[in-house]
Amino acid sequence: MEHLPIFFDVKAQPCLVVGGGPVAWRKLEHLRRAGARVVLVAPRCIPEVQALIDVGAIAHRARAFVPADLDGMRLVVAATDDRDVNRGIAALAKARALPVNVADQPEDCTFTMPAIIDRSPVVVAVSTGSASPVLARMIRARLESLVPAGYGRLATLCARYRDRVKTRFAAQRDRRRFWDRVLQGGVAERVFAGRLDEADAAMERELAAPDPSACMGEVYLVGAGPGDPDLLTFRALRLMQQADVVVYDRLVAKPIIDMTRRDARRIYVGKERNAHTMRQEEINALLARLAREGHRVLRLKGGDPFIFGRGGEEIDTLAAEGIPFQIVPGITAANGCACYAGIPLTHRDHAQSVTFVTGHLQDGSIDLDWPSLARPRQTVVFYMGLMGLAVIVERLRAHGVAAHMPVALIQQGTTHMQKVYVGTLATILDKVAADPPQPPTLVIVGEVVRMRDKLAWFDPEADPERGATTPILP
Ligand code: SAH
């Protein structure tokens, strides 16, 4: 972090602004909104500033800056149009350990003023560490649309009920759950709609409701996509931030785990190949137990939960026991890898269908309908196909697929570790043997693989921030 973000209480504090132009005006307006007692030093002012002086909203010293202006101040803003004068003021302020901001001269500042979204008492501040104020303003504009104006009113309501809620719910977990329900449910909706009396009534009802610790929890079975956190759905993200227990396995990328609620309990259930940390039945039972204890449980799965994810089995147990659940789809590895490798899964001329199959090797063979997979004009995607790659190649050849049929093997697709091996049924085994890939990998067989020559776009090295799907230790 370039700077420490803090929120400074300047209410009724004397704050000095030097300069009488538009920049000084902008800065002093921020100070005024935060309740500061602004003292302005400038021989001349623009009319907007003069108007504030005329109504007594700010004090004015109508002359050039002198060092004694710093006496008694809590904070200083130097905003004259003379860089040297600004620098001189900053040096004097620093010598007195006064926080100082100099407009457009980050090197002279001890604090910067962020772009802000004001939904008082909620305030969101955006800083780019002086790298690009324009970018900060752009981000602010996006956040403006995400944070409805009603959030300020909602926060005010929370403040009013805070003590009562604390008395009503002794355990922090219960309080948290109560506030989650209030902030994401009917109470918040009424506040946003401006129906404050109704919001109060709803709040009273919530407070009178039976103890929530006796309540049943819920399980969210969420697809986390193939690795790149940008590929999460909004719904996945929302539930990730609500759940108080997270149950995850090896396929979920670390940056995605990091996006779950910070104080959530995280349970790693493994699933390395041939070294299952927890058996599937144990995972099913664990989810049910946690929900019965009243937790909101996030079961995060790589890709989509219903595609080779055993999501169906996990939900089966919950359904049988009457435990509430939600299922959130994710981008499955085939979609993610194909797009990030520049390989369209279907194509008007080359592939009228696409089939997802498991290439899981069992007792040296893969139990699939090979004659149908060998038919032309389709794309076949093998999940879990790395160990059985030789069998896949041999079976397809044996069922008449030409040796020159293109094959792509994608390692850790959509992440900064993505690597694409392209060959044919005749060459892919040698290519993979020469430079063994790291799982997870996906195999795509079909004419469409050739399109990659034209359509490849994703450069994993250019974006080291993307999720790594390398094994995560508990
Ligand atoms: N439910 C998951 C699939 C789980 S099976 C989904 O919808 O994607 C595990 C297999 O998925 C792996 O063996 C591998 O073949 C594939 N896989 C998952 N993530 C991958 C990734 N980022 N890159 C390549 N293959 C991946």
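On a 1 Å grid over the protein atoms alone, a cavity is a set of points where a 1.4 Å probe fits but cannot get out, and its lining residues have an atom within 4 Å of a point. The model shown is predicted, so that local features need pLDDT of at least 70 and side-chain atom pairs count only at pLDDT 80 or more, while totals for chains, interfaces and linings use all residues. Residues are numbered from 1 along each chain as its sequence is written, and side-chain values use heavy atoms, with hydrogens and water left out.

**View 1. The lining of the largest cavity.** The structure holds 1 cavity of 30 Å³ or more, and the largest has a volume of about 70 Å³, a volume being the space filled by probe spheres set on grid points joined across faces, edges and corners. Among the residues that line the largest cavity are Leu373, Arg375, Gln378, Met405 and Gly446.

**View 2. Strand β11 and its covered faces.** In β11 (residues 296–301), 6 of 6 residues are buried, that is, under 20% relative accessible area with a 1.4 Å probe and protein chains only. Arg296, Leu298 and Leu300 lie on one side, and Val297, Arg299 and Lys301 on the other. In a regular strand the side chains alternate between the two faces of the sheet.

**View 3. The parallel partners of β11.** Strands are DSSP runs (E, at least two residues) numbered from the N terminus, and two of them pair if DSSP finds at least two bridges between them. Strand β8 (residues 218–223) is joined to β11 by 6 bridges, with Val219 partnered by Val297, whereas 3 bridges join β9 (residues 245–248) to β11, with Val247 partnered by Arg299.

Terms used:
Buried means under 20% relative accessible area, exposed over 50%, partly exposed in between (1.4 Å probe, protein chains only). Helices (H or I, at least four residues) and strands (E, at least two) are DSSP runs, numbered from the N terminus. On a 1 Å grid over the protein atoms alone, a cavity is a set of points where a 1.4 Å probe fits but cannot get out, and a pocket is an open set with protein on both sides within 12 Å along at least five of seven lines; lining residues have an atom within 4 Å of a point.
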